[in-house]
Amino acid sequence: MQSTKSKVIYTVLAWTIAGLIFFPIFWTILTSFKTESEAIASSPSLFMFDWTLVNYQDVLSRSPYFLHFSNSIIIAVGSSILGLMIAIPAAWSMAFAQTPKTKHLLMWMLSTKMLPPVGVLIPIYLLFRDFGLLDTRIGLVIVMTLINLPIIVWMLFTYFKEIPKDILESARVDGASLSQEIIYVLMPIALPGIASTLLLNIILAWNEAFWTLILTAADAAPLTAFIASYSSPEGLFYAKLSAASAMAIAPILVMGWFSQKQLVRGLSFGAVK
Amino acid sequence: MLARLKILFVGAMALSAAVSAQTLTIATVNNGDMITMKELSDDFEAKNPGIQLKWVTLEENILRQRVTTDVATNGGQYDVMTIGTYEVPIWGKQGWLTHLDDLGENYDEQDLLPAIRAGLTVDDKLFAAPFYGESSMVMYRKDLFSKAGLEMPKEPTWSFIAKAAEATTDKSAGVYGICLRGKAGWGENIALITAMSNSFGARWFDENWQPQFDSKAWSDTLTYYVDLLSNYGPPGASANGFNENLSLFQTGKCAIWIDATVAGAFVTNAEDSGVADQVGFAMAPDNGLGKRGNWLWAWSLAVPSSSKNTDAAQKFISWATSKDYLTLVAEKKGWAKVPPGTRSSLYANEDYTSAAPFAQITLDSINSADPSNPTLEAVPYVGVQFVAIPEFQGIGTAVGQQFSAALAGNISVDEALKNAQRITQRTMRKARYIK
Amino acid sequence: MSTLHSRSLARVALVPAVALLIVWMIVPLCMTIYYSVIDYNLLVPGDNEFIGFLNYEFFLTDPAFTESFYNTLLLVGGVLFITIAGGIGLAVLLDQAMYGQNYVRLLILAPFFVMPTVSALVWKNMFMNPVNGLFAHFAVFLGLEPIDFFSQFPLLSVIIIVSWQWLPFATLILLTSIQSLDREQLEAAELDGAGPFSKFFYMVLPHLSRAITAVILIETIFLLSIFAEIFVTTSGGPGYASTNITYLIYTQSLLQFDVGMASAGGVVAVVIANLVAIVLMRLIGKNLEG
C-alpha cells in the first residue's frame with residue numbers, strides 16, 4: 001500500500017523527467033508559431049511573442065503536403081500489411097512446428113538487415129531503374145516490406161510462442177484447414193501481438209529516411225522527402241522548419257498516442273503469461 | 001457508318017490532346033530564388049498550356065546525390081536539373097547533358113555574363129543556362145567601422161582585414177570582428193579557403209596532378225585562416241556554414257562577413273535583417289599577388305540527355321533564365337529580389353542598381369573571376385573554388401573535415417595539411433591521376 | 001500422422017517469407033560482391049575492369065577506417081548503455097502509483113515517433129548551436145562559456161541525439177516486462193525482510209533479462225547503420241571524430257560515386273555486423289530461449 005506522500009513524490013519526479021524528454025518536441029511546435037526573427041532571438045521567449053500562422057501558410061503553399069502525407073500513409077500502412085500477410089504464416093510455422101534449425105533461421109533473417117543501405121545504394125537503384133519502379137509507390141512498398149520483414153517475423157514469433165499449442169491442436173482435430181486455423185483461431189488470440197507489430201512497423205516505415213529519399217522523385221515522395229526540402233536552405237529557416245517538422249510528425253504522434261495501450265501490450269516479447 | 005467515324009474522329013482528337021500534354025519533372029535546390037521560380041511558374045504554364053510542371057525540391061547535398069545518380073545511370077527521372085558550374089564541365093564532356101541550342105530567338109545568349117557563360121560551356125556548346133550567379137565579397141558594418149575609426153577600401157588586403165577584425169571585436173558585447181565559413185564540406189569551408197588560397201598563391205594540384213598541401217602558400221593560407229577565426233571569430237565557427245553566418249550577421253554579431261554575393265540581398269532586407277541599413281560592400285581581399293580571393297558559381301538549369309521531353313524542357317529553361325523572367329520577379333517581389341549575376345542587361349538597368357546596393361561589387365567580382373586560370377601558377381583543372389574533377393566532392397569534403405578540425409583546435413595546422421596531403425594523394429592514386 | 005501433415009504444411013507456410021528474404025538478401029549481396037571487385041565509378045565511364053581486392057585494400061588501409069570502426073562500437077555501446085540504464089530507471093518509475101500515469105507515458109513515448117532527420121535538425125539548431133541554441137542561452141544565463149557540442153564532443157552529441165530517440169522504445173519494452181512481475185513474490189520477499197535494493201537486483205533485474213536482451217538485439221541492428229543523424233549534424237567530423245563505418249562508406253565512395261569501393265565497404269560492414277551479432281549471441285543468446 002503506497003502512501004499519498006510517495007505517490008506525490010513519484011508524480012513530481014515522473015512529470016519532471018517526462019517534461020524534459022518531451023521538451024524538444026514542445027519547443028519545435030512552439031517555434032513553428034514564431035516569426036523567423038523571433039525564432040533565432042538571443043533571448044527566446046516561452047509564450048510572450050507574436051503568435052503567427054505564417055509559417056504554416058508558407059509551408060502549405062510551397063510544398064504539396066497532402067501528396068507527401070498520402071504517400072507516407074500508403075507506403076507505411078501498405079508495407080506493414082503486406083509484411084504481416086507474409087510473416088504470419090512464417091511465424092506460425094516457426095512457433096508451432098519448431099525444428100532445431102528455427103533459431104538459426106531467425107538469426108539469419110535478422111542478419112539480412114545488417115547490410116547498410118549505403119553499400120547497396122547503386123545496385124538497388126539500377127535494379128529499380130530496369131524494372132521501372134523508380135518513383136513509384138509500389139516500389140517503395142516493396143522495399144519497406146522487405147527491410148522490415150525480419151523484425152515482423154521475429155516479433156510475431158515471440159508472441160506466438162506464448163500461445164498454448166492445445167488451442168490450435170484442438171481446432172485441427174475438429175477438422176480445420178491451415179488457413180482456417182490461422183484466421184479463425186490464431187489471429188483472434190494473437191490480436192494484441194499482431195496489432196502492436198503492425199503499429200511498430202508503421203512507425204518504422206514512416207520514419208525511414210534513406211530509401212524513401214533515394215528511390216523517389218516527384219510522385220512517390222513521402223514526408224521524409226518533404227522535410228529534406230526544408231533543411232539548411234540559404235536564408236533563415238528555423239521557424240519554417242519547425243512548422244514543417246510539426247506537420248511531418250503530427251500524424252504519427254497522434255496515431256502513436258491513441259494506440260499506445262496496444263503498443264505496450266504487444267511488445268512483451270513473451271514475458272507476459 | 002458516318003456516326004461511327006465521327007466518334008472515332010472525336011476519340012482520336014481527345015486522345016491526341018491528352019497525349020500532347022507533357023509533364024516536366026524539375027529538380028531544384030531549396031534556395032529562396034528557386035522557391036520564387038516555383039511560385040511564379042504558373043506564368044510559364046499559362047504561356048505553354050500543353051506543359052505541366054512537377055517539382056522536386058531538396059537540400060543541396062541530397063539533390064546533388066539524387067541528380068548525379070540519375071544522370072549517370074540514365075534513370076530518366078528528371079527533365080530539368082539544377083546543377084552548378086562544378087557539374088557542367090564534367091557532365092558536358094560525358095555527353096550526359098543536352099546541348100541547349102533551342103532557347104528561342106529572344107534569348108540573347110550574348111547578354112549572359114562572359115565568365116558565367118564560359119563556366120557553362122564545353123567545346124563551344126552551352127550545356128546549362130544560368131539561373132543565378134554569384135561570386136564572393138566582403139560585407140561589413142559601416143557603423144562599427146566608423147566607431148573604430150576605420151574605413152574599408154574598395155579592394156582591401158587580407159592584412160587590412162585582420163587589423164579591422166581586431167579593432168572591431170568586442171566579445172563582451174557579443175560582437176565578433178570576422179565571420180567566415182568553417183563548416184566542413186567541399187561547397188562550404190573548402191569553397192572559401194580554396195578561393196582564399198588562390199590569393200595567397202597556392203593551388204590544389206600542380207601540372208602533374210600532385211597535391212600541393214606541403215607548399216608554403218598553403219601553410220600561409222591555413223595559418224592565417226585559423227588564427228583570424230580563432231582570435232576574432234564567433235564561438236563554434238567550425239560548424240558555421242552560410243546560414244549560420246547569415247543569421248549571425250543579421251542579428252548584429254559580425255563586423256565583417258566574407259561570403260557569397262547573394263547574401264547581399266538578405267543582409268539589406270529590412271524585414272529579416274536587423275542591420276539592413278548599415279551594410280557596406282567591398283571586393284574580396286587579396287595579398288597583392290595578382291589574384292583576389294573571390295570565387296565563381298552559377299546555379300544553372302540543364303537537361304539530361306536521358307530526358308524524353310527535351311523540347312519542352314528547353315522551353316522551360318528559356319523562360320526561367322530570360323530577361324522577361326527577371327522583370328516578372330521585379331514586378332512581383334521587387335528589384336532587390338531578382339536573381340542576380342547572370343545578365344549584363346540587368347546591371348545596366350537603373351531600377352535594379354538603385355534597389356540593390358550590392359550590384360556593382362557583385363558584377364565586378366563575377367567579371368574578375370576566371371575559372372580557366374584561377375591560380376597564380378598553371379594548373380591542369382578549371383574551377384576557382386573547386387576542382388572540376390569527379391573525385392573532388394570526396395576529396396574536398398575530407399580535406400574540409402581536416403581544416404574544420406584545425407579550426408576547432410583538435411589538431412594543429414601542420415597536421416591538418418599533412419593529413420590533407422595524404423588523403424588527396426591516396427585518392428588521386430586510386431583514381432589513377434598519379435602513380 | 002497429423003503431425004507429419006502439419007509439418008510439411010508448416011514448411012510450405014514458411015516458403016514465401018524465406019524465399020522473399022533470400023532474394024532480397026542474395027541479389028543485392030551478389031551485386032555488391034560483384035561490384036566490389038571491379039573498377040566502377042559512375043562518373044568515369046570506363047571498362048569496369050576486374051581489379052581483384054584493390055577496392056578492399058583501399059577501403060581497409062584508409063587511416064579513417066580504424067577510427068570509424070571504434071566510433072561505430074562506441075556509438076552502439078553508448079546508446080545501448082544510456083537507453084537501457086535510462087529505460088530501466090524510467091520503467092521502474094512508471095510502474096509506481098502516481099497521478100496522470102497515462103499522460104506521463106504519452107510524453108515519454110513521443111521521441112520515438114519523430115523522424116531521425118527532424119530530431120537531428122531540432123537538436124542541432126535549437127539546442128546545441130553555441131550561439132543561438134537553448135543550451136548556449138542557459139550557459140550564458142549561468143555565467144558559463146557555452147559548449148560547442150559538435151566541435152568539442154561530436155560523437156557524444158550524436159550519441160545524445162540517438163539515445164533521446166530510442167529511450168522510449170527501451171522504456172516501453174522494459175515497462176511491459178516489469179508490469180508482468182509476480183507481485184505476490186515481491187511481497188513475500190518484503191515480508192522476509194528484503195530491502196528495495198536487494199529486491200531490485202535479485203528479483204526485478206533477472207526477470208527483465210529477457211526484455212533487455214530483446215532491446216539490445218533490435219537496437220543494435222538499427223544502431224550499426226546510423227546515418228541520417230550524422231549526415232545532418234556533424235557530417236562525420238571534425239576530422240573523422242563522428243564517422244562510423246556506414247558514414248565512412250558514404251564519404252569514401254558514394255560521395256565520389258565510386259560504386260566499386262562503396263560495395264567493398266558494404267561487404268566489410270556486413271562482416272563486421274555479423275561478427276558483432278555472433279559476439280552478442282554468445283553473450284546473451286541464452287536469454288532468448290523460451
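This is a predicted model: local features need pLDDT of at least 70, side-chain atom pairs count only at pLDDT 80 or more; totals for chains, interfaces and linings use all residues.
1. Ser151(C) lies in helix H7 of chain C, which spans residues 149-152. Its relative accessible area is 5%, and since buried means under 20%, Ser151(C) is therefore buried. The C-alpha atoms of Ser151(C) and Gly239(C) are separated by 9.9 Å, although the two residues are 88 places apart along the chain.2. The interface of chain B and chain C brings 39 residues of chain B into contact with 38 residues of chain C. The area buried between these chains is about 3000 Å², and carbon and sulfur atoms give 56% of that area. On the side of chain B, Gln401(B), Arg426(B) and Lys430(B) supply 24% of the area buried against chain C, more than any other three residues.

2. How many salt bridges are counted between chain B and chain C? The count is three. Arg426(B), already named for its share of the buried area, forms a salt bridge with Asp62(C), with the closest N and O atoms 3.7 Å apart.

3. Several helices of chain B each supply at least two residues of the side that touches chain C: H4 (60-72), H5 (87-94), H11 (242-250), H18 (392-408) and H19 (413-430). The largest share, nine residues, comes from H18(B). By residue class, this side of chain B divides into 12 nonpolar, 17 polar and 10 charged residues.

4. The interface of chain C and chain A involves 90 residues of chain C in contact with 96 residues of chain A. About 8500 Å² is buried between these two chains, and carbon and sulfur atoms give 80% of it. Within chain C, Trp24(C), Phe113(C) and Met115(C) lose the most area to chain A, together 10% of what that side buries.

5. Which charged and polar pairings are found between chain C and chain A? The count of salt bridges is zero, and the rule finds three residue pairs in polar contact, both at pLDDT 80 or more. Helix H1 of chain C (residues 2-36) gives the most to the side of chain C that touches chain A, with 19 residues. The residues of this side divide into 67 nonpolar, 20 polar and three charged.

6. The largest nonpolar core holds 348 residues, and Phe160(A), Trp204(B), Phe316(B) and Phe403(B) touch the most other members. Leaving aside residues up to four places away in sequence, Phe316(B) touches Leu24(B), Ile26(B), Met37(B), Phe44(B), Leu53(B), Trp55(B), Val80(B) and Leu301(B).

7. The structure holds 21 salt bridges over all chains. One of them joins Asp108(B) and Lys323(B), whose closest N and O atoms are 3.0 Å apart. This pair links distant parts of the chain, 215 residues apart: Asp108(B) is in the loop between H5 and helix H6 (114-119) of chain B, and Lys323(B) is in helix H14 (residues 323-333) of chain B. Asp108(B) has a relative accessible area of 31% and is partly exposed; Lys323(B), with 34%, is also partly exposed.

8. Arg181(B) and Asp259(B) form a salt bridge with the closest N and O atoms 2.7 Å apart. Here too the pair links distant parts of the chain, 78 residues apart. Arg181(B) is in the loop between strand S8 (176-179) and helix H9 (189-200) of chain B, while Asp259(B) belongs to strand S9 (residues 254-260) of chain B. Are these two residues buried or exposed? Both Arg181(B) and Asp259(B) are buried.

9. The side chains of Arg203(B) and Glu207(B) meet in a salt bridge at 3.4 Å, N to O. Arg203(B) counts as buried because its relative accessibility is 11%, under the 20% limit. Glu207(B), at 47% relative accessibility, counts as partly exposed. Elsewhere in chain B, Glu60(B), Arg64(B) and Glu87(B) are linked in a network of salt bridges.

Technical notes: Residues are numbered from 1 along each chain as its sequence is written. Chains are lettered from A and ligands numbered from 1 in the order in which they are written. Side-chain values use heavy atoms; hydrogens and water are left out. A nonpolar core is a set of buried Ala, Val, Leu, Ile, Met, Phe, Trp, Tyr and Cys residues joined through side-chain atoms within 4.5 Å. Buried means under 20% relative accessible area, exposed over 50%, partly exposed in between (1.4 Å probe, protein chains only). Contact means heavy atoms within 4.5 Å. Buried area is the accessible area (1.4 Å probe) that two parts lose on being put together, summed over both. A salt bridge is a side-chain nitrogen of Lys or Arg within 4 Å of a carboxyl oxygen of Asp or Glu. Helices (H or I, at least four residues) and strands (E, at least two) are DSSP runs, numbered from the N terminus. Ala, Val, Leu, Ile, Met, Phe, Trp, Tyr, Cys and Pro count as nonpolar, Asp, Glu, Lys and Arg as charged, and the others, Gly among them, as polar. A polar contact is a pair of N or O atoms within 3.5 Å; within protein, one must be able to donate a hydrogen and the other to accept it, and residues adjacent in sequence count only if both atoms are side-chain atoms.
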